[in-house]
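I opened the model and went through it element by element. These are my notes.

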Amino acid sequence: MQVLIADDDPVARHLLRRTLESWNYSVTAVENGDLAWSTFLAGDFSLVILDWVMPGLSGPELVRRIRSHPRSGYVYTLFLTASTDQNEFIQGLTAGADDFLVKPLLPEVLRARIRSGERILRLEQTLLEQNRRLEERNREMKADLRMACELQQALLPQGYPSFPPGLPPERSHLRFFDRYRPTSAVGGDLFDVIPLGDSRAGVLICDVQGHGVRAAMGTAMIRALLEHIRRLADEPGHFLEEMNRELVGITRKSHITMEITAFYGLIDLEASQMQYVSAAHPEPVLSRDNEVRLLPHPAVPVSPPLGRHDHVFYPHGSVKLCPGDRIILYTDGLTQAFNPHDESFGQERLCAAIRERRQMRCAPMLDQILAEVTNFTQGRDFSDDVCLIAAEIR
């Protein structure tokens, strides 16, 4: 450890230097405050021993400069003084000193004071090393999250099929639009559209309880299950029942508790209807001319979320569809957005926002709904992931 001594008494300075060097410290000794400051700036000193009164900068003034200097690592400072005045001690500690040595110096007292300083410096080095490791780990986690975010975004629909196939998207008889806003790098909402022929499509929206990495793991499981149970996509009840059975099996084996709300609708253009099932998911909104209303849950009491109970039966409901109809699906991060008065945006405001914009095209309508919710929160961050999907019958 490098030690800097500043004392205008040559005898005291020489004795202190010899004593410290006999203890294997690397010592630099100077005779005034100005030289001490320039030497400090040029070196790498962890321990500084200062006389209270010196030519040039005084001891307290020098300590204040050391404390305000933006160098890395702590500097332990000791004052040398012949006074026992308590006010002087208070002034020195206020200036930033760590301890005092009263002249004449006793070697055993000096050794004890320096060892006390070394313990503090070692503790600081330990903390610095721990912080370095934490920062390195944080960088790794951020890189992992960026990759997970990119992968999760790739799992979401990058475009939608046309109905019937071959038509340009703007002429499709059934069009889909979405907006997704996760609260963190990765989110717990998932949606997908499953084409089932020229005039039929399944639309799924899921919300894994919570958000962040844990919720993202849930969406990854659902995405994997979708490929396995896609064969049941034209049977809404069986579709959710099989997904629930698989999720319960996975969570039981891994001892993970997970709760997922879901809505699945089978839109049939030829039959002009949608059959749908819900696993405790918020009711979709049907917008038709001047009518805007919530679609009721197919079952009373409401069917439980996915992944909670085995052998759950999900009954289906149905609604007739007309040209121009819009079905808006969403996750509860939207309706449970709170303003500073702890009022939630709620389904009633959502229906009103859709009603006011029923003449707009779908894409700007979704953008304006999100903007209205953001304005309602008055700058508060969303507490949960937000997902909006609109299906439009052309």
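**Strand 1 and its partners**

I began with strand 1, which pairs in the parallel sense with strand 2 (residues 26-30) over 5 bridges. I count two strands as paired if DSSP finds at least two bridges between them. Helices (H or I, at least four residues) and strands (E, at least two) are DSSP runs, numbered from the N terminus. This is a predicted model, so I took local features only at pLDDT of at least 70 and side-chain atom pairs only at pLDDT 80 or more, while totals for chains, interfaces and linings use all residues. Residues are numbered from 1 along each chain as its sequence is written, and side-chain values use heavy atoms, with hydrogens and water left out.

In strand 2, Leu 4 stands opposite Thr 28. I then followed the chain from strand 1 through helix 1 (residues 10-22) to strand 2, a β-α-β crossover that is right-handed. Right-handed here means that, with the strands pointing away from the viewer, the path from the first strand over the helix to the second runs clockwise.

Strand 3 (residues 47-51) also runs parallel to strand 1, joined by 4 bridges. There the bridge partner of Leu 4 is Val 48. I checked burial next: 4 of the 5 residues of strand 1 (residues 2-6) are buried. Buried means under 20% relative accessible area, exposed over 50%, and partly exposed in between (1.4 Å probe, protein chains only).

**Helix 6**

I took the span of helix 6 (residues 213-229). Its 17 residues reach 24 Å from first C-alpha to last, close to the 24 Å expected. The expected span is 1.5 Å times one less than the number of residues. I listed its buried residues; among them are Gly 218, Ile 222, Arg 223 and Leu 226.

**Nonpolar cores**

A nonpolar core is a set of buried Ala, Val, Leu, Ile, Met, Phe, Trp, Tyr and Cys residues joined through side-chain atoms within 4.5 Å. The largest has 49 residues, and those touching the most other members include Phe 176, Phe 239, Leu 240 and Met 243. Strand 8 (residues 200-208) gives the most to this core, with 6 residues. Apart from it lies another core of 23 residues, including Val 285, Tyr 330, Cys 362 and Leu 370.

I asked what Leu 240 contacts (heavy atoms within 4.5 Å). Leaving aside neighbours within four places in sequence, Leu 240 meets Ala 262, Tyr 264, Val 277, Ser 278, Ala 279, Leu 306 and Tyr 314.

**Salt bridges**

I searched the whole structure and found 24 salt bridges. The criterion is a side-chain nitrogen of Lys or Arg within 4 Å of a carboxyl oxygen of Asp or Glu.

Arg 326 and Glu 392 meet at 3.1 Å, N to O. Arg 326 lies in strand 14 (residues 326-330) and Glu 392 in strand 15 (residues 386-393), so the pair ties together parts 66 residues apart in sequence. Both residues are buried.

Asp 310 bridges to Arg 252, with the closest N and O atoms 3.7 Å apart. Asp 310 sits in the loop between strand 12 (291-294) and strand 13 (317-320), and Arg 252 in helix 7 (residues 236-254). Asp 310 is partly exposed at 25%, while Arg 252 is exposed at 53%.

Arg 380 and Asp 342 come to 3.4 Å. Arg 380 is partly exposed at 36%, and Asp 342 is exposed at 56%. Last, I noted one network, in which shared partners join Glu 129, Arg 132, Arg 133 and Glu 136.
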